[in-house]
Amino acid sequence: QVQLVESGGGLVQAGGSLRLSCAASGRTFSPYAMGWFRQAPGKEREFVANIRWSGFTTYYADSVKGRFTISRDRAKNTVYLQMNRLKPEDTAIYFCASKTTSVSSYDYWGQGTQVTVSS
């Protein structure tokens, strides 16, 4: 079993920055990829970014491209999401998730961390 714990959320003014962390624990952790998702009030959960655990391949949603950066520290079993130039529409609960294989869905999820961007 894998446990994922997010941290780093909070309240920030528009234009500000936050860095989210997601620490993994449990059995030997070697996912295919890690991802960040978010869910705003009254909206569906949406993809934000992901990163291959081996290598450095990353993908971003168009809405965050150029402002957010995903990275990972394999020695710490931790994935990060650096969020710059935040906008009020980035307000959401942010979740990290792990993907065991290239064809599996995201099978482990964290509990989420709230990010609120004031205008």
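Guide: Start with Glu46 and Arg38, whose side chains meet in a salt bridge, 2.6 Å from N to O. The term salt bridge here means a side-chain nitrogen of Lys or Arg within 4 Å of a carboxyl oxygen of Asp or Glu. Keep in mind that this is a predicted model: local features need pLDDT of at least 70, side-chain atom pairs count only at pLDDT 80 or more, and totals for chains, interfaces and linings use all residues. Residues are numbered from 1 along each chain as its sequence is written, and side-chain values use heavy atoms, with hydrogens and water left out.

How exposed are the two partners? Glu46 counts as partly exposed, at 35% relative accessibility. Arg38 is buried, at 6%. The cut-offs are these: buried is under 20% relative accessible area, exposed is over 50%, and partly exposed lies in between, using a 1.4 Å probe and protein chains only.

Arg38 has another partner. Its side chain also meets that of Asp90 in a salt bridge, 2.9 Å from N to O. This pair links distant parts of the chain, 52 residues apart. Arg38 sits in strand S4 (residues 33–39), while Asp90 sits in the loop between strand S8 (78–83) and strand S9 (92–99). Strands (E, at least two residues) are DSSP runs, as are helices (H or I, at least four), numbered from the N terminus. Both Arg38 and Asp90 are buried.

How many salt bridges does the whole structure hold? The search finds 4. One of them joins Lys65 to Asp62, with the closest N and O atoms 3.1 Å apart. Lys65 is partly exposed, at 49% relative accessible area, and Asp62 is exposed, at 66%. Elsewhere, shared partners join Arg38, Glu46, Arg67 and Asp90 into one network.

Now stay with the loop that carries Asp90. Thr91 lies in this loop between S8 and S9. It counts as buried, at 19% relative accessibility. A polar atom of the Thr91 side chain lies 2.9 Å from the backbone oxygen of Pro88. The backbone nitrogen of Val117 is likewise 2.9 Å from a polar atom of that side chain. Leaving out residues up to four places away in sequence, Thr91 touches Ala40, Gln114, Val115, Thr116 and Val117. Contact means heavy atoms within 4.5 Å.

Arg85 is in the loop between S8 and S9 too. It has a positive phi of about 50°, although it is not a glycine. Asn77 also has a positive phi, near 50°. Asn77 is found in the loop between strand S7 (68–73) and S8. It is partly exposed, at 23% relative accessible area.

Last, the strands. S8 pairs with S3 in the antiparallel sense over 6 bridges. Pairing requires at least two DSSP bridges between the strands. Ala23 has Thr78 in S8 as its bridge partner. S3 (residues 18–26) is also joined to strand S1 (residues 2–7), again antiparallel, by 6 bridges. There, Val2 stands opposite Gly26 in S3. In a regular strand, side chains alternate between the two faces of the sheet.

Definitions and conventions
Polar contact = N/O pair within 3.5 Å; in protein donor to acceptor, adjacent residues only side chain to side chain.
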